[in-house]
Amino acid sequence: MGAKLAGYRRMKADQLGSIPAYLSLLDEDLTARVDDLFGRYPALQGFSVQGAEALPETLRQSVQANTLVVAEVGVDPLCGAAYSDRVSDEIAVALLDFVKERPEAAELLVDRTFARTLQ
């Protein structure tokens with residue numbers, strides 16, 4: 001988002017002051033969605049989101065450069081592969097919905113790891 005904002009030459013100081021607040025709102029929305037995933041799937045321990053470079057070379061050639069990849073999904077192994085696959089799919093759908101609603105937020109996801117907080 002920062003690189004795109006730098007291209008706007010007519011941005012006023014009051015507009016620049018609202019950028020951190022806007023990013024904070026995006027991050028709050030993302031946090032709520034991720035918290036919902038952890039709430040619905042108690043065996044989910046964490047996951048990361050990476051760019052297309054995380055894909056094998058053979059797959060990387062067939063996707064757009066700005067593709068996001070859900071990677072390293074950590075689920076209790078006692079739940080089995082079917083549960084793990086379902087959780088991975090749910091994560092992908094939740095993040096896809098987030099980016100569809102707020103395309104500028106895709107940058108918030110790249111190279112981030114989300115982990116369950118133990119209390």
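This is a predicted model: local features need pLDDT of at least 70, side-chain atom pairs count only at pLDDT 80 or more; totals for chains, interfaces and linings use all residues.

User: What makes F38, F47 and F114 a cluster?

Analyst: Rings pair if their centres lie within 6.5 Å, and pairs of that kind join F38, F47 and F114. The structure holds three aromatic pairs.

User: Why is the pair of Y41 and Y83 called edge-to-face?

Analyst: The ring centres are 6.0 Å apart, and the cut-off for a pair is 6.5 Å. The planes of Y41 and Y83 stand at 70 degrees, and over 60 counts as edge-to-face. So edge-to-face is the label for Y41 and Y83. The pair also links distant parts of the chain: Y41 sits in the loop between helix 3 and strand 1, Y83 in helix 5, 42 residues apart.

User: How do you know that Y41 is buried?

Analyst: Buried means under 20% relative accessible area. Y41 has 9%, so Y41 is buried.

User: And what makes Y83 count as buried?

Analyst: Its relative accessibility is 15%, against a limit of under 20%, so Y83 is buried too.

User: Why is strand 1 described as largely enclosed?

Analyst: Because six of its eight residues, 44-51, are buried. Strand 1 runs antiparallel to strand 2 (residues 68-75), joined by six bridges.

User: What makes strand 1 and strand 3 a pair?

Analyst: Pairing takes at least two bridges. Strand 1 and strand 3 (residues 112-115) have four, in the antiparallel sense, so they count as paired. S48 stands opposite T113 in strand 3 and opposite A71 in strand 2.

Note on methods: Residues are numbered from 1 along each chain as its sequence is written. Side-chain values use heavy atoms; hydrogens and water are left out. Buried means under 20% relative accessible area, exposed over 50%, partly exposed in between (1.4 Å probe, protein chains only). Helices (H or I, at least four residues) and strands (E, at least two) are DSSP runs, numbered from the N terminus. Rings of Phe, Tyr and Trp (its six-membered ring) pair if their centres lie within 6.5 Å; planes under 30 degrees apart count as stacked, over 60 as edge-to-face and the rest as tilted.
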